[in-house]
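Please open the model in a viewer and keep the sequence alongside.

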Amino acid sequence: MLNPVVAIDGPAASGKSTVARGLAARLNFTYVDTGAMYRAFAWLALERGVDPADRVAVSGLVERVPLALTISGGSVQTRLDGRDPAPFIREERVNAAVSKIAAVPELRERLVIEQRKLRNLAPLVMEGRDIGTVVFTDTVFKFFLDADPVIRARRRQRQGQSDVVAARDQADAARAVAPLTKAADAVLVDATDDDADTIIGKILQICRARGLSAAKVDAL
Ligand code: CDP
């Protein structure tokens, strides 16, 4: 039987990561941050002097560079060319580049293939922009997390990050392939006023009503 997937999409700084991570912990599912994968490629492009908006150059990079996704400690780690990009993917220059590279169809195709494979390994809570619309269209556990843009921009500032939240949203929603949009069958969750625990509780309730149960912890 296919492993269940909870899909969480939404705009930048909507609180998706905190909510998806918390949900995964409650369900004992594996947490997958697909944004981290696009960020990893943005970082690598900058490192190698590749213009993230240059489709041909980015496609070449996507073809050449070995990508490994592994599960450990309840979440997925990305390695590119044997390196761990995690310490660098929240840098300001990556924030500014990521939506450009995420518009390159060849990169999206490669990542979507890898993201789908993860379902063979574990039940997932996967967050991103196109999980409900492209990656796992068949899941019945589909949510779109939104919040007031002012609150979202403030949230990033509080995290001590300089981020181009509005510009990323605009670019993500306007791109030709897999634009940021709510899937018709996704449940809209407004995260403007509620804290993460409240939102996690709401989503869990809906998932359970639709037949989802927590994964059993493997006996040691
Ligand atoms: O900053 P935040 O955590 O909200 O964003 P993120 O989830 O780390 O995603 C960073 C960027 O990656 C987005 O602005 C999109 O351009 C791109 N992305 C995407 O295109 N598709 C996904 N499934 C996930 C992220």
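How many nonpolar, polar and charged residues does the lining of the largest pocket have? The lining has 14 nonpolar, 13 polar and 15 charged residues. Here Ala, Val, Leu, Ile, Met, Phe, Trp, Tyr, Cys and Pro count as nonpolar, Asp, Glu, Lys and Arg as charged, and the others, Gly among them, as polar.

This is a predicted model, in which local features need pLDDT of at least 70, side-chain atom pairs count only at pLDDT 80 or more, and totals for chains, interfaces and linings use all residues. Residues are numbered from 1 along each chain as its sequence is written, and side-chain values use heavy atoms, with hydrogens and water left out.

**First selection: the largest pocket**

The largest pocket holds about 750 Å³ of space. A pocket is an open set of points, on a 1 Å grid over the protein atoms alone, where a 1.4 Å probe fits, with protein on both sides within 12 Å along at least five of seven lines; lining residues have an atom within 4 Å of a point. The volume is the space filled by probe spheres set on the points. Select Asp33, Gly35, Ala36, Arg39 and Arg90, the closest to the pocket's centre of the 42 lining residues. Helix H2 gives the largest share of the lining, seven residues. Helices (H or I, at least four residues) and strands (E, at least two) are DSSP runs, numbered from the N terminus.

Select residues 34-47 for H2 and 105-118 for H5; their axes come within 11 Å and cross at roughly 140°. Axes are lines fitted to C-alpha atoms, for helices over the stretch in contact, and angles run from 0 to 180 degrees between N-to-C directions. H2 and H5 are therefore oblique to each other, as angles under 35 degrees count as roughly parallel, over 145 as roughly antiparallel, 65 to 115 as roughly perpendicular and the rest as oblique. In H2, Thr34, Met37, Tyr38 and Phe41 are in contact (heavy atoms within 4.5 Å) with Leu107, Arg108, Arg110, Leu111, Gln115 and Leu118 in H5. These residues comprise six nonpolar, two polar and two charged.

Move to H1 and to H9 (residues 196-209), whose axes come within 9 Å and cross at roughly 55°. H1 and H9 are therefore oblique to each other. The residues that meet include Val19 and Leu23 in H1 and Ile199 and Ile203 in H9.

Finally, select H4 and H8, which pack at an angle of about 10° with their axes 9 Å apart. H4 is therefore roughly parallel to H8. Asn95, Val98 and Ser99 of H4 make the contact with Arg168, Ala171 and Asp172 of H8.
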